[in-house]
Amino acid sequence: MPDISLPMIAALCLAALAAGWIDAVVGGGGLLMMPVLLLGLPDTSSAAQYALGTNKATAIVGTTGAAVTYTRKVPVDVRLAIRIGLAAVAGSTAGAFVAAGMSTDTLKPVIMVVLLGVGTFVIFRPAFGTAPATTPVSARRVLAAIGLAGLGIGFYDGLIGPGTGTFLVLALTALLHLDLVTASATAKVVNCCTNAGALAIFAWQGTVYWELGALLAAFNLVGGMVGARTALKKGSGFVRVVLLVVVFTLVANLAYQQWVA
């Protein structure tokens, strides 16, 4: 356990609880968890690596709890979600290798434009993700989901990272014609795969505070399960509102990193 004051541990626990809820509803819990971890961990040259590793140790528990809660109530194609998840692990590994040799700052404005476009689309298409398709999804769309939602978004996760869960929900809704609740449920299964792959790398590198991660994971688990139940109870309209809030928060966060920080 790193040397952290009791008030900061309490703040981290509350952040883990809230991040689990956000992540379960629509993805993007890392937008809250990572800044708080960076603020709370000892200021060393490896603080960012330990924040990333500890965040994965925290998130994988909440994500798994949310996935289990969802799959009990929502008809998730678990086999397809795992195939997308394995593709995402491969994509994130490739993205991490590319990130080591380039500046991701050049890509952040592009991501902001894409997110603003997505947010505008969702605002002016109120029916987006409110009901699933009534016809079976074609094999071409399934392959597109594995390629884009798996390899493509996995690559983005390894390259930049913030908002990966939100991108997954949007891609799964658009490509597989899922409603937003089912897309969130499917994204959680995919996230279980990507978190496991990332955590294995961080564990191998020795950049995880396991005791702190276990404590935060307990709060993240509660947040994730409550978030999944909230989404199931409130429905796609509620998820749509949270989605828009997270998308525009992500834009603001990327803009701050690009031009202020």
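This is a predicted model: local features need pLDDT of at least 70, side-chain atom pairs count only at pLDDT 80 or more; totals for chains, interfaces and linings use all residues.
Trainee: How does the span of α1 compare with the one expected at 1.5 Å a residue?

Mentor: Helix α1 covers residues 6-26, which is 21 residues. From first C-alpha to last it reaches 30 Å, close to the expected 30 Å. Its buried residues include Met 8, Ile 9, Leu 12, Cys 13, Asp 23 and Val 26. Among the elements covering the buried residues of α1 are α2 (30-40), α3 (47-71), α7, α8, α9 (210-234) and α10.

Trainee: What makes a set of residues a nonpolar core, and how many residues has the largest one here?

Mentor: The members must be buried residues of the nonpolar kinds, joined through side-chain atoms within 4.5 Å. The largest core found has 56 residues, and Val 26, Ile 84, Leu 115 and Leu 172 have the most contacts inside it. Helix α10 (residues 236-259) gives the largest share of this core, nine residues. Apart from it lies another core of 16 residues, including Cys 13, Ala 15, Met 34 and Leu 212.

Trainee: Which residues is Leu 172 in contact with, leaving aside neighbours within four places in sequence?

Mentor: They are Ile 84, Ala 149, His 177, Leu 178, Ala 183, Thr 186 and Ala 187.

Trainee: His 177 is on that list. Why is His 177 called partly exposed?

Mentor: Its relative accessibility is 34%. Partly exposed lies between the buried limit of 20% and the exposed limit of 50%, so His 177 falls in that class. The residue is in the loop between α7 and α8, and its phi is positive, about 55 degrees, although His 177 is not a glycine.

Trainee: Why do Ala 144 and Ala 90 count as partly exposed?

Mentor: Ala 144 has a relative accessible area of 31% and Ala 90 has 42%, so both are partly exposed. Ala 144 is in helix α6 and touches Ala 149 and Leu 175, residues up to four places away in sequence not being counted. Ala 144 is 83 residues from Gly 227 in sequence and 28 Å from it in space, C-alpha to C-alpha. Ala 90 is in helix α4 (residues 78-99); its C-alpha is 14 Å from that of Ala 145, which is 55 residues away along the chain.

Trainee: What makes a space a cavity, and how many of 30 Å³ or more are there?

Mentor: In a cavity a 1.4 Å probe fits but cannot get out. The count is one at 30 Å³ or more. About 40 Å³ of space lies in the largest cavity. Its lining consists of Ala 88, Ala 149, Ile 153, Gly 154, Asp 157, Thr 164, Leu 168, Val 190, Asn 191 and Thr 194.

Trainee: Which helix gives the most to that lining?

Mentor: Helix α6 does, with four residues. At least two residues each come from α6 (139-159), α7 (164-176) and α8 (180-205). By class, the lining of this cavity has five nonpolar, four polar and one charged.

Trainee: How does the lining of the second largest pocket divide by class?

Mentor: It has 12 nonpolar residues, one polar and no charged ones. The pocket has a volume of about 290 Å³. Of its 13 lining residues, Val 114, Leu 148, Ile 153, Phe 167 and Ala 171 lie nearest its centre. Helices α5 (108-124), α6 and α7 each supply at least two residues of this lining.

Key:
Residues are numbered from 1 along each chain as its sequence is written. Side-chain values use heavy atoms; hydrogens and water are left out. Buried means under 20% relative accessible area, exposed over 50%, partly exposed in between (1.4 Å probe, protein chains only). Contact means heavy atoms within 4.5 Å. On a 1 Å grid over the protein atoms alone, a cavity is a set of points where a 1.4 Å probe fits but cannot get out, and a pocket is an open set with protein on both sides within 12 Å along at least five of seven lines; lining residues have an atom within 4 Å of a point. Grid points are joined across faces, edges and corners, and a volume is the space filled by probe spheres set on the points. Ala, Val, Leu, Ile, Met, Phe, Trp, Tyr, Cys and Pro count as nonpolar, Asp, Glu, Lys and Arg as charged, and the others, Gly among them, as polar. The expected span of a helix is 1.5 Å times one less than its number of residues.
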